[in-house]
Amino acid sequence: MPSSKTARLEPPLLLEDLYPELRRSDAALGMAFSPRANTLAVHAQVFREQPPTKGQGISQFRIPTLANQDSIWLAKLGATPPSSAQLFSDAYVTWVALGSYADEQQHLDSSQNIEDLNRFIDMYLENTQAHIGRLALEEPFDENNYEHWVSVHTSIQLFQTMLTSPSGMTTGLVGEEMLLWLNMNFVAVTKEEVKGFAGKQEPWLEAGFWKLLVRATIRCLSEGAARFIKMLSSHSSLTLRQIAPHLQRALSSHPRSTSFNTEQEFYTAHRRWRGTVRGLREQLNVRDENDGRGEWREGLEDLVGVLEGDKDAVLKVCDEDYGGYGWREAVSVWGIWVDVEVKRADLPDVLSVVNAQLPISDDLEEMLQASLISQLLKRFVLRSAEFDLWFGAHVADLLAKMGFKIYSIPISPTAQLEPGGDLAEDERLSEIDEDGRPRMTLRDHLVMDFAERILHSDPGFWGLEFDYLSTCGLEGRARLGAVLQRLPFDVSVEPSSSAPSRNKLNGILGSVASSDGLDDLMDEGEEGSRAANLGKLTGMKRVQALVDACNEYQLEDEFRELCKVGVVSRRLIEERRYGEAIAYSKVGEDYKTVARIADLLLNEYIERGVEVFLALVEDVPGVADRTPDQADPFYFNAVGEPTVYGARLSFLSGYAQFHALFRDGKKREAAHALVVMLNKGIVPQWWWGVVLLDAAGMCEDEELWFAEEDAYDLLRRVEEIYIRSEQGSGSDYLGALEKIMKVSRSKESAGRQGSTSTTEAPPQALKQLEVVRLSLARYLARIFTAKVT
């Protein structure tokens, strides 16, 4: 989203050829700026009602005719493109989850934390990939914007490769990871090229055959390259026919570091393999050097040179004149062919060697990626922000949370970089300014820049802007008041869809936000703090907070009346915004609608699966932080027991938490959550079969997640369902499971073009229950065995 200093008005206020006349007249274009949404109002402005006379020495021109001269044209500075709204919403969820994770960790440099951070970056990559997919489908297609976000995605992947690792180890060999980044983002050989040569009896006669073969080899596309080399066995040249089998064996036996348990094993295997390649070179050298010259000799020399790891050969093949991608490709394949012992710390030296022959262009994308490979991280962040505000803010935030102390050094916004990448000495500031207040850090500066230039332009992003600014120290919090002043308190039937619910965190972190009560959140204090708390609320808490805010502006009655209008909840339900519908219904005391929404959410799980269910339940007001002594009739009755509505919402929250914990690998906590739901009696009977099937899946793990008494209780519930089934009441316990199986069979039938299933649901559901019984029996046997041993 490159920023622009030029605003274009469409349709034009004045034809271009009339601008010189306008400048010489007594008319001009006026402008007014509103910080409410970074809005610019442009209008025609006349300074004199009557044209001056000839002798006054002032303009003799008449005011030019202005099209739409009575109009006021509105433009937004840093306006958020509609296509980016979903990206900002999705990335916000990842950003907050990352912040919560970082706050809980003490040693961010541990292998486990590096692995977790790698997964968080994966989430950012999923966000940008989905955005790119949406851009590809837009009409009209904006090629520049599409390529811009592809470049952002590529750079995030390089950031992930350089600073994290899926294994949590960043001190090992980096060749394979760099090659993976290269192959994922820069295509070496297209399918069309391969098909074009594969369909020829003598493909070597076609122009570009040897380049394709060498390009496939340097990218380790060995299987495809070997097939083409095999075809050389029918070549008219005796030399090629004799060398082709050796080439094919060399390619197929090329050792890869990912196939070995230790680096030393890989080094040993690679040295042996290089010996076979030297033999291949010797065979080629004994041939007549003019044999095949101008036909295949040059291509074969390049191919063998790559296999040998010859630096000059690799640089030649990576050159753009050869069809390569320049220095980025050379650096990425260096650890595969030239020096297999390359690690992340060696990449700056590799880049220096490569740049001697393959220079970096002045393209900003190339420069920021080169800064990253050179490990000039401060330069990388500033160039990233110049390339894209969203990108720069989030990589700066990532680095700060990854524990890079350099980003804790406060800087001035106008700081300049030395050639080496560090800040100039005169730009280094103390952490405290002259007034004794903490200075802004580089990370805070970039995050605030993103929030105020991009998010502030869309009122629908007020919640996101609150949260971003609230993490930027005192300066960021001081600016929350400006956001509050423009905050739309109109809770109409069409609230902005730009901003996502804060409760999406529950689906990622597997936790329910706790609160000390609305009074504590909305206590008197600085306006900025109150706004920050308001921005973090969702569901019923957010509605209640908005009620209090509206009360301050004497709008409380209007707000409550709006909540009582049934059409609001109906419209929200139609849009599947169930969390907001529950919040409105609760304020309007429409509890029947709450019960209906709970059933709809469970039906979402049945019809669309767990991921959709999690996404929807995240917006539902939680009840885990409520206690009977709070005397809320919505959640608890007079004796402190959960009401029907409270129990239903508790199950939705608990079941979503179970799936979120399971998805995040927190299986022990997931098992505990499942047992707690059953013991509290909040699991609806018709959902028992599904919950027990979930438990059975966890019983198949090697780890023992359930305590022995819990396993026996699960088995008891299975037997209870069998007894009820024999009495004809099986559907009361297996209803949800039957529906899920029916939906699954319907999808399978649709995929088989009209084939249908005649199997009835109840017997199939009981068969699934047999799986549960068997899993629990095996699980208890394992517990007994563990006790004996």
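Me: Which residues of α11 are buried, and what makes a residue count as buried?
Reply: The buried residues of α11 are R297, G299, L300, D302, L303, V304, G305, V306 and L307, where buried means under 20% relative accessible area, with a 1.4 Å probe and protein chains only. This is a predicted model, in which local features need pLDDT of at least 70, side-chain atom pairs count only at pLDDT 80 or more, and totals for chains, interfaces and linings use all residues. Residues are numbered from 1 along each chain as its sequence is written, and side-chain values use heavy atoms, with hydrogens and water left out.

Me: Why is α11 called largely enclosed?
Reply: Because 9 of its 12 residues are buried, α11 is largely enclosed by the rest of the structure. The cover over these buried residues includes α7 (209-218), α8 (222-231), α9 (238-252), α10 (263-285), α12 (311-318) and α13 (327-337).

Me: Why is α9 called roughly antiparallel to α10?
Reply: The axes of α9 and α10, lines fitted to C-alpha atoms over the stretch in contact, come within 10 Å and cross at roughly 160°. Angles over 145 degrees count as roughly antiparallel, and therefore α9 is roughly antiparallel to α10. The contact, meaning heavy atoms within 4.5 Å, is made by I243, H246, L247 and A250 of α9 and W273, L280, Q283 and L284 of α10.

Note on methods:
Buried < 20%, exposed > 50% of the residue type's maximum accessible area, 1.4 Å probe, protein only. Helix = DSSP H or I, 4+ residues; strand = E, 2+ residues; numbered from the N terminus. Axes fitted to C-alpha atoms, helices over the stretch in contact; angles between N-to-C directions. Parallel < 35°, antiparallel > 145°, perpendicular 65-115°, else oblique.
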